[in-house]
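Hi,

Here is the structure I promised to pass on.

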Amino acid sequence: MRRFLYPLLMVCLVGGLSSCKFGKKVDLIMNDTIVASIDSMASNPFITHMYTADPSAHVWEDGRLYVYASHDIDPPHGCDLMDRYHVFSTDDMVHWTDHGEILNSSQVSWGRKEGGFMWAPDCAYKDGIYYFYFPHPSDTDWDKSWKIGVATSRKPASDFTVQGYIEGMDPLIDPCVFVDDDGQAYIYNGGGGKCKGGKLKDNMMELDGLMKDMEGLEDFHEATWIHKRNGIYYLSYSDNHDENWNDGVKGDNRMRYAIGDSPLGPWKSQGIYMEPTDSYTNHGSIVEYKGQWFAFYHNSVLSNHDWLRSICVDKLYYNEDGTIQMVEQTK
């Protein structure tokens, strides 16, 4: 394999990657493995047959990129009626597969009897099992009874069964689970200006110690997301910006980020990486796929309605010092 790759790499370097073609698009060579580059993407929003929000993006061992999303119900009643989740996947960022509904509120035995309120989810993988994390209230008084539920499956996009919820967490929303290089899993939730984080036990369904406040964040609102690059931990989130502030910035929530040396901080604020969309809310995730980093988010382009949203994705770039460049929102 090496004897073939080295001459190929030299030809590409001499001729320039943009002009090195062997019957199809240029591929990246990483660790002696040919990895297809991302030179085209579906237009935004990339899911158009239904309303979706809160994209949680992950790359699993089968080589596909999966997005776990909440579902806005039409006609909406704020976010009250959101009560089911879909999974979408791709292997080229152009063609997306809808794997269908994987969970709804009627399957949550401990949940609010009126249903609804299945907001931004996340998913993690460990030892052959996929763990799907979702916020859901347990009482009619939904705002004070949020719990982070856990459903499991041996498949990434089907056959999930609710196992219960994680005890000991504050009644907050927007779960995020990050598994570090050493296999240690961390869980986060937040909302209303509060962001919490802590360790999970090996079973991925119990806290290992107490949750702690994430310190050093600037204007935190919700939508915690953790990723790691070159040994640096990044905590990204949605801020509280409101167009009614009349500060010269059109639109509402912006996406901010902070960096740290540990998954639990302390964090150092780095500013904004995405300006407001046309939706009142935003909720994002950041992931690397085939050598390219991507920022997922949602807008209201298809509906022109704040609570009928659609998931989008654009390329994300870093500066040499590790800071994130402003994401260009495309159509």
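Predicted model: local features only at pLDDT ≥ 70, side-chain atom pairs only at ≥ 80, totals over all residues.

Residues are numbered from 1 along each chain as its sequence is written, and side-chain values use heavy atoms, with hydrogens and water left out.

Salt bridges first: the structure holds 17 of them (a side-chain nitrogen of Lys or Arg within 4 Å of a carboxyl oxygen of Asp or Glu). Glu218 and Arg256 make one at 3.6 Å, N to O. Glu218 sits in the loop between β14 (212-213) and β15 (220-229) and Arg256 in strand β17 (residues 255-260), so the pair ties together parts 38 residues apart in sequence (strands are DSSP E runs of at least two residues, numbered from the N terminus). Arg256 is buried at 8% relative accessible area, while Glu218 is partly exposed at 39% (buried is under 20%, exposed over 50%, partly exposed in between, with a 1.4 Å probe and protein chains only). There is also a network of salt bridges linking Asp170, Lys194, Lys196 and Asp213.

Arg84 pairs with Asp83, with the closest N and O atoms 2.7 Å apart. Arg84 is partly exposed at 29%, and Asp83 is buried at 14%.

Now the strands. Ser70 is in β4 (residues 65-71) and is buried, at 1% relative accessibility. Thr97, in β6 (residues 97-104), is partly exposed at 35%. The C-alpha atoms of Thr97 and Tyr66 are 9.4 Å apart.

Cheers

Methods. Helix = DSSP H or I, 4+ residues; strand = E, 2+ residues; numbered from the N terminus.
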